[in-house]
Amino acid sequence: MTQDASHQPYGTPEVPRVAVRGEARLEVDPEIARIGITVSARGTDRRTALEDLTRRNNTALDLIKSYGDPVEKLETGAFSITPELTRHGRAERIRAYHGRVHITAELSDFTTLGELTTRLADLELTQVDGPWWALRPTSPAHGQARRQAVLEAVQRAREYAEALGANLAALVELADLGAENAAPFTPAPGAGMRTMAFSATEDAGPPPLDLEPQRQTVYAQVNARFTMTPPQL
């Protein structure tokens, strides 16, 4: 029994195959930005530290929520209250308590982002980290990159075939790069990310912030296999 050439793992002289990789890289504007807020408190007793931390945390949350729809996501992360022991003496004496709450906010309006970041950084014992720019998982930029990668694969295969005096006949296989156990592209550490940190003091005014969105790089890679007509060698 014989198999049709299109179903065999390799080509034949009558129906040769060509395998190529298509790649695409797009530079697009970010769609969302994330900031991290750390609210701190310190007191000589646990109750004072907790009360101050609760008050400052509520103030930060109320400020963020006051911006409404531009704030697409608001989450509270880690909370900690840590005793600080004295450095001298053998007895375990507590010198103070340190409390922290970590908050993450995600915004889609970058004008609001600059204003909110400034106001948060001006709060009492509040630190702001970020922004981290990103695209939504459903961003059309991902589909655009994949389409470009497929078009490049077809064009590359056609050029190989034409170099042999042949034409493409049919598509045999189209696969994402990771679908064939190949090593997927990994962006360099820190790509698509910019970090800014602000620490506020009680008597300092809000610093002027002009946040320029960092363009995002979208990658797509596919492997494609085609059959082609016999070459004219």
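Which residues is Arg136 in contact with, leaving aside its neighbours within four places in sequence? Keep that one in mind.

First, the ground rules. This is a predicted model, where local features need pLDDT of at least 70, side-chain atom pairs count only at pLDDT 80 or more, and totals for chains, interfaces and linings use all residues. Numbering starts from 1 along each chain as its sequence is written, and side-chain values use heavy atoms, with hydrogens and water left out.

Now the overall layout. The chain has 3 helices and 8 strands. Helices here are DSSP runs of H or I with at least four residues, strands are runs of E with at least two, and both are numbered from the N terminus. The order from the N terminus is β-β-α-β-β-α-β-α-β-β-β. The chain has 233 residues, and 35% of them count as buried. Buried means under 20% relative accessible area, exposed means over 50%, and partly exposed is in between, with a 1.4 Å probe and protein chains only. On to contacts, meaning heavy atoms within 4.5 Å. Take those between residues at least 6 apart in sequence: 81% of them join residues at least 24 apart.

So, back to Arg136. Its contacts beyond four places in sequence are Glu31, Ile32, Glu72, Ser108 and His142. Arg136 sits in the loop between strand 5 and helix 3. Its relative accessibility is 27%, so Arg136 counts as partly exposed. Pro30 is 106 residues away along the chain, yet the C-alpha atoms of Arg136 and Pro30 are separated by 8.5 Å.

Staying around strand 5, residues 126-134. Pro131 belongs to that strand. The peptide bond joining Gly130 and Pro131 is cis, with omega at about 0 degrees. Leu125 lies in the loop between helix 2 and strand 5. Leu125 is not a glycine, but its phi is positive, about 45 degrees. Its relative accessible area is 43%, so Leu125 is partly exposed.

Next, a helix pair. How do helix 1 and helix 2 pack? Helix 1 covers residues 46-65, helix 2 covers residues 110-121, and they pack at an angle of about 165 degrees with axes 11 Å apart. Those axes are lines fitted to C-alpha atoms over the stretch in contact, and the angles run from 0 to 180 degrees between N-to-C directions. That angle is why helix 1 is roughly antiparallel to helix 2. The cut-offs: under 35 degrees is roughly parallel, over 145 roughly antiparallel, 65 to 115 roughly perpendicular, and the rest oblique. Helix 1 brings Ala60, Leu63 and Ile64 to the contact, while helix 2 brings Leu116, Arg119 and Leu120. By class, that is 5 nonpolar, no polar and 1 charged residues. For those classes, Ala, Val, Leu, Ile, Met, Phe, Trp, Tyr, Cys and Pro are nonpolar, Asp, Glu, Lys and Arg are charged, and the others, Gly among them, are polar.

Thr59 is in helix 1. At 40% relative accessibility, Thr59 is partly exposed. Thr59 and Leu123 are 64 residues apart along the chain, with their C-alpha atoms separated by 8.4 Å. Thr112 is in helix 2. At 11% relative accessibility, Thr112 counts as buried. Beyond four places in sequence, Thr112 is in contact with Tyr67, Pro70 and Leu107.

Now helix 3, residues 140-163. The expected span is 1.5 Å times one less than the number of residues. Buried residues in helix 3 are Ala141, Gly143, Ala145, Ala149, Ala153, Ala157 and Ala161. An α-helix has 3.6 residues a turn, so residues three or four places apart point the same way. The cover over the buried residues of helix 3 includes strand 1 (17-28), strand 6 (168-176) and strand 8 (216-228). After helix 3 comes Gly165, with a positive phi near 75 degrees.

Last stop, Ala224 in strand 8. Its relative accessible area is 2%, so Ala224 is buried. Beyond four places in sequence, Ala224 touches Val18, Ala19, Val20, Ala153, Leu171, Glu173 and Leu174. Ala153 is also among the buried residues of helix 3. Ala224 and Val154 are 70 residues apart in sequence and 8.0 Å apart in space, C-alpha to C-alpha.
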